[in-house]
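Visitor: Could you show me a protein model and talk me through a few of its details?

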Amino acid sequence: MSKFPAGFLWGAATAPHQVEGNNHNSDFWQAEAAMPGMERSGDACDSYHRYAEDMRLLADSGCNAYRFGIEWARVEPEPGLVSRAELAHYRRMIDTAIDLGLTPVVTLHHFTNPRWFAAEGGWMGERAVERFLSYAETTAAILDGVPWVCTMNEPNMLAIMTMMARLAASGQQWQSPTVDDGARPVLPSPDPAIGRRLVDAHHAVRDLIRERTGAKVGWTVANQALVARPGGEEKLREVRYVREDLYLEGAKGDDFVGVQSYSSMWVGPDGIEPHPVRPDNTLVGTAYRPDSLGLAVRHTWEVTGGTPVLVTENGIATGDDERRIAYTSAALDGLEAAVADGVDVRGYLHWSLLDNYEWGHWAPTFGLIAVDRETFVRTPKPSLAWLGDLARRNGGR
C-alpha cells in the first residue's frame, strides 16, 4: 500500500532556457556567446514548439503533474514592453497541461533574466524588486486555474550565479554550476546581501500572486544535504545559513517550499569538502547519494517550521537508465520515510523530463526522455514508464 497522501503529485520538471531554444533576449544567451568554454543552447530541445508532445508523453506514462516555467525575457523583451503573443503561448501551455490531466506547477523565474534587467544591475539593481513585481503582475493574468506557482527557482543558486557572473566580468574563469571536468570544486558561498534582496523580491511577488490568483505560492531551494564531520558542527551552521537556511527562512509563511536535492556533502572545520573523485560519481561529478532527498526534506521541514514540502527537483546525471531508476527508487524510500515521520510532502517532480541543456554544457543527461539534437525526436526511457507506473499506484511498491 502507498504511504503517500491522496492527491500526491507525481511528475517531472523542465526550465524554459534549457528546453525551449533560441532565448535570444536573455542574459544567459548573451553569456553563452561571450564566455570561453561555454556551449551554446541554440535550439535546445525545441520545446517552445513541441511542448504538447512532451506533455503528452508525460501524461501517457501515468504521471499527473508537470513543472515548467515562463520566460521573462520573452514576455518582456524591453522594459514595459509586454508581448501579448508570448503570454498567449504560455497560457496555451497551461491549458494543454490541464487538458491532458497534468497539474501545472508554474515557475516565474528559472535563473535567466532579460538582457535589459541584467544591464540595469540585475538583482542588485536599484529597481530589481519593482521590475520583478511588474513582471509578476503581468503574468498573473494568465495563471487562472494554476494551483501551484514557484516565484523563483533556487534563489541560493541564483545568488551564486550572480557572484560567478561578477567574477567572469572581472576576467576570472567561468565555471558551470552543474558540470565540471574531473574533480568538482565547491562553488563559492553567496553574498547574504544578494540573498536578502531575493527574499524581498520573493515576498513581494508571493503576496501579489496570492492576491490575484487562487494558487499556492512558494519558491524552490537547492538543498545540498550538508552533514557535519566531527568538529565541523559550528562550520556547518555557518555555511548552511548563507547557502540554504537564509532562503528556507524566507519560505516561512509560504504555502509550500520546493525542495531540490541531488547529492550530499560533508562539512569539516575548514568548510565544505569537495566531492571525492570516485568511479560511481555522477556525470556532474557529484557523489551517488540518493539518501540526500530524505535529509533535505527533513532539514527543510525543520527550518521552515512546518511549511508543506513539494519536491520540485530530484534526479541524477547518468547515461545508465537502470542506475537512474535505482537512484530514484532509493530517493523515494527516504521520502516515504519522511512522510511516515510526519513531514507534510505534497508531491515528487523528477528532474528532468528531457535530456536538455545544462547551463553551458550538453553532456550531462538527467532526462526521462532522450532528445535527438538534430531531429528533435523524443525517445522515452524505461525510467519514464517506471515513474508513471508508480504514479498510477500513488507510489505503492
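Here are some questions and answers about this model.

Guide: This is a predicted model, where local features need pLDDT of at least 70, side-chain atom pairs count only at pLDDT 80 or more, and totals for chains, interfaces and linings use all residues. Residues are numbered from 1 along each chain as its sequence is written, and side-chain values use heavy atoms, leaving out hydrogens and water.

Visitor: How many salt bridges does a search of the whole structure find?

Guide: A salt bridge is a side-chain nitrogen of Lys or Arg within 4 Å of a carboxyl oxygen of Asp or Glu. With that rule, the search of the whole structure gives 22.

Visitor: How many residues apart in sequence are the parts that Glu20 and Arg74 tie together?

Guide: The side chains of Glu20 and Arg74 form a salt bridge at 2.7 Å, N to O. Glu20 sits in the loop between helix H1 (16–19) and helix H2 (27–34), while Arg74 belongs to helix H4 (residues 72–75), so the parts they tie together are apart in sequence by 54 residues. (Helices are DSSP runs of H or I, at least four residues, numbered from the N terminus.)

Visitor: Is Ser383 buried or exposed?

Guide: Buried means under 20% relative accessible area, exposed over 50%, and partly exposed in between, using a 1.4 Å probe and protein chains only. Ser383 lies in helix H13 (residues 382–392). Because its relative accessible area is 1%, Ser383 is buried.

Note on methods:
Helices (H or I, at least four residues) and strands (E, at least two) are DSSP runs, numbered from the N terminus.
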